[in-house]
Amino acid sequence: MFFEEDRIAAFREMICSDTVEEREAALEKILPEQQGDFEKLYEALEGNPVTIRFLDPPLHEFVPTEEEDIKKLADAQGKTVEQIKAIIDSLHEFNPMMGHRGCRLAVTYPELAKMQTRAVMEAAIEVQEEEGYEIVPEIMIPLVGEKKELKFVKDIVVEVAEQVKKEKGSDMQYHIGTMIEIPRAALTADEIAKEADFFCFGTNDLTQMTYGFSRDDAGKFLNAYYDAKIFESDPFAKLDQTGVGQLMEMAVKNGKATRPELHCGICGEHG
């Protein structure tokens, strides 16, 4: 049986791999579990729409911190403890929420997007055949700020999705969209909509990047803003309609001008 710690270990192997082949081998261990996750999701939704966001967190969140776990990873990788520690140190970022995460992971490691796409499509086809639900997978690419960035990842998703359909003899339809969580994405929504079937506004990051302060650290000074009547409420709890809302309104308007059938949603605490 494949336990959660085995999945974490396999993902750590992927992070610490030196070659594409090594990363693919590590991801091959995760694929059945990821597919199983999605199968349970489709079964629970009973044919209702479900949007699956591709991997978003920065890689440093997955690496071990305890000496014992670092030693296990080193042994599994055939590396020294010092080599693994050097890899972990290299993943350190001063501002990880604006660093190597979201679609940037798929651009750097396309094999990640390939694995997740295969898991999504095989799970959807399997559940549709077994349960009879009409399933249309919705794949969401996070943290996009440039149309070419989205197209790069989308091309990978389409290639793998079509390959799976061919292997399974399926004609399943699917949608590919993106999270609008970077101000530049909202400002260039007319271009991004050329590659997106839907938008989902990630208002946590969009608020963070629009205001220019961290949602993890803002609590240290927001009370002073309330006392001074600069803010009436926490912008991470109540959506700022003046600034962030204006970006969202612009993105919806310009996105739909390009793609009138564009579906728009919202996620995060504000959702």
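Predicted model: local features only at pLDDT ≥ 70, side-chain atom pairs only at ≥ 80, totals over all residues.
## The chain as a whole

The protein chain contains twelve helices and five strands. Along the principal axes, its C-alpha atoms fill a box of roughly 55 × 50 × 35 Å. How does the radius of gyration fit with that of a compact globule? A compact globule of 271 residues would come out near 18 Å, and the protein chain has 20 Å, which agrees.

Of the 271 residues, 46% count as buried. The protein chain exposes about 14000 Å², and carbon and sulfur atoms supply 50% of that area. Among contacts with a separation of 6 or more, 71% are made by residues 24 or more positions apart.

## Aromatic rings

The structure holds nine aromatic pairs. One of them joins Tyr211 and Phe231: the ring centres are 5.5 Å apart and the planes stand at 80 degrees, so this pair is edge-to-face, the class for angles over 60. The two partners come from distant parts of the chain, 20 residues apart. Tyr211 sits in helix α10 (residues 203-211), while Phe231 is in the loop between α11 (222-227) and α12 (244-258). Is each of these residues buried or partly exposed? Tyr211 is partly exposed, with a relative accessible area of 28%, whereas Phe231 counts as buried at 15%.

Phe231 also pairs with Tyr225. Here the ring centres lie 5.1 Å apart and the planes meet at 40 degrees, so the pair is tilted. Tyr225 counts as partly exposed, at 30% relative accessibility.

## Helix α10 and its cover

Helix α10, which carries Tyr211, deserves a visit of its own. This helix is mostly covered, with seven of its nine residues buried. Which residues of α10 are buried? They are Thr203, Asn204, Asp205, Leu206, Thr207, Gln208 and Met209.

The cover over these buried residues includes the strands β3 (175-180), β4 (198-202) and β5 (263-267), together with the helices α8 (183-187) and α12. After α10 comes Gly212, whose phi is positive, near 80 degrees.

## Cysteines without a disulfide

A disulfide is a covalent bond between the sulfur atoms of two cysteines. How many disulfides does the structure hold? The count is zero. For Cys103, the closest cysteine sulfur belongs to Cys267 and is 15 Å away, too far for a bond. Cys103 counts as buried, at 2% relative accessibility.

Cys267 is likewise in no disulfide. Its nearest cysteine sulfur, that of Cys200, is 3.7 Å away, while a disulfide needs the two sulfur atoms within 2.5 Å. Cys267 is partly exposed, with a relative accessible area of 22%.

## Two buried loop residues

Our first stop here is Ile135, in the loop between α6 (110-131) and β2 (138-141). At 5% relative accessibility, Ile135 counts as buried, because the limit for that is under 20%. Which residues does Ile135 touch, leaving out those up to four places away in sequence? The list is Tyr42, Ala124, Val127, Gln128, Met172 and Gln173. Tyr42 is 93 residues from Ile135 in sequence, yet their C-alpha atoms are 7.9 Å apart in space.

The other stop is Phe54, in the loop between β1 (51-53) and α3 (67-77). Phe54 counts as buried too, at 4% relative accessibility. Beyond its neighbours within four places in sequence, Phe54 is in contact with Ala113, Gln116, Thr117, Val120, Ile139, Met140, Ile141, Pro142 and Val157. How far is the C-alpha atom of Phe54 from that of Ala9, 45 residues apart along the chain? The separation between Phe54 and Ala9 is 19 Å.

How values were computed
Residues numbered from 1 in each chain as written. Heavy atoms only, no water. Phe/Tyr/Trp six-rings, centres within 6.5 Å; stacked < 30°, edge-to-face > 60°. Helix = DSSP H or I, 4+ residues; strand = E, 2+ residues; numbered from the N terminus. Buried < 20%, exposed > 50% of the residue type's maximum accessible area, 1.4 Å probe, protein only. Rg over C-alpha atoms; globule rule 2.2 N^0.38 Å. Contact = heavy atoms within 4.5 Å. Areas by Shrake-Rupley, 256 points an atom, 1.4 Å probe, with all protein chains shown as cover.
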